[in-house]
Amino acid sequence: MPLARTIDVTRRYGDRTALDGVSLDIPAGGVVGLLGPNGAGKSTLINLLVGLRKPTSGAVELFGGDPRDPASRRRIGVTPQETGLPATLRVSECVAFVAAHFADPVPAGALLEDFGLAEVARRQTGGLSGGQKRRLAVALAFVGRPELVFLDEPTTGLDVQARRDLWTYIKDYGRTGTVVLTSHYLEEIEALADRVVVIGGGRVLADDTVESIRGMVGIHRVSLDTITLPELPGVVGVEEAAGRTSLLTPDPDQLVRDLVAMNVPFRGLQVQPTTLEEAFLTLTTAKTGS
Ligand SMILES: Nc1ncnc2c1ncn2[C@@H]1O[C@H](COP(=O)(O)OP(=O)(O)OP(=O)(O)O)[C@@H](O)[C@H]1O
């Protein structure tokens, strides 16, 4: 039995469809990365899995039961995208408050040490920096030794070192536990996840290993001035703008070789990596056929 599961889940907010027929299993062990651009539906998916929202249609299971059941929820840890910490509570008091809900919490000292917060243990959270607040919010997800942890953009607002430290912690946790995290950054997902679920337009566009997702979204833009183009292998998208033609391809070297081999006249050739956003768009278009 998977730890968490959605079965053909749709979630609407008014006339906006945030998730559209999503079926996903989260088995025990490892780090699952939910990758997608703004508004893709990642947070909605997490909110459904942790029982904060209900699906419009379809079913959600957590440990085989209803995610809204407090017994299931006690086995998970969650850091939402935005967290409000009580400004007048000290850092150690926040940890103690959450720890009181669990039979065998992580000792506060060890937790704060792991998250680089030991020195500010006595500071009120209102006096923390943005990065410290974020680290505390993430640390709180781990207090109850959860079997399954959901982290919505955990490293937003962290500096490079803090981000790396948090990556180490999450990766270690994933060796024995299970972590689901969202990110906009392929780099972050690459560093952490065993499995990547690409979400776009409320749908699962791809669900695979980091290597194959890398291949799928590692798309380049080859721009050139040309009059006619033959059918070219490996081209996943063509755009025309201001008299220039852009060809989107996962293998720009091969495309250039093909252009030359086919004697296609061209000028001003440029090869650029596409942004993740563009790559997602290509994936979305390819999947929906629009
Ligand atoms: N409470 C809400 N009311 C109305 N629309 C919402 C609500 N929550 C989300 N949406 C819409 O649902 C869609 C999916 O949003 P969601 O926050 O799940 O995406 P996301 O992938 O987490 O985005 P981001 O990376 O920006 O956090 C968006 O179009 C968003 O505007």
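Two residues are in contact if their C-beta atoms, placed from the backbone, lie within 7 Å. This briefing applies that rule to a predicted model, in which local features need pLDDT of at least 70 and side-chain atom pairs count only at pLDDT 80 or more, while totals for chains, interfaces and linings use all residues. Residues are numbered from 1 along each chain as its sequence is written. Helices (H or I, at least four residues) and strands (E, at least two) are DSSP runs, numbered from the N terminus.

**Domains**
- The domain assignment, which is automatic or taken from a database, divides the chain into domain 1 (4-215) and domain 2 (220-273).
- The C-alpha centres of domain 1 and domain 2 are 41 Å apart.

**Surroundings of the ligand**
- A residue is near a molecule if its C-beta atom, placed from the backbone, lies within 6 Å of it.
- Among the residues around the ligand are Tyr 13, Arg 16, Asn 38, Lys 42, Ser 43, Thr 44 and Gln 81.
- At least two residues of this shell come from each of β2 (16-26) and α1 (42-49), and α1 gives the largest share, three residues.
- The shell holds three nonpolar, seven polar and two charged residues; here Ala, Val, Leu, Ile, Met, Phe, Trp, Tyr, Cys and Pro count as nonpolar, Asp, Glu, Lys and Arg as charged, and the others, Gly among them, as polar.

**Nonpolar cores**
- A nonpolar core is a set of buried Ala, Val, Leu, Ile, Met, Phe, Trp, Tyr and Cys residues joined through C-beta atoms within 7 Å.
- A residue is buried if 20 or more other C-beta atoms lie within 10 Å of its own, exposed if 12 or fewer, and partly exposed in between, with C-beta atoms placed from the backbone.
- The largest core has 58 residues, and Leu 49 and Phe 150 have the most contacts inside it.
- Helix α5 (residues 130-142) supplies the largest share of this core, seven residues.
- Another core, of seven residues, lies apart from it and includes Leu 224, Leu 248, Leu 255 and Leu 259.
- Leaving aside residues up to four places away in sequence, Phe 150 touches Ile 46, Leu 49, Val 50, Ile 76, Val 78 and Val 180.

**Helix α3**
- Val 91, Cys 94 and Val 95 are buried in helix α3 (residues 91-99).
- Seen down the axis of α3, its buried residues fall within an arc of 95 degrees (the arc of the directions from the helix axis to the C-beta atoms), so they line one face of the helix.
- These buried residues of α3 pack against α4 (108-114) and α5.
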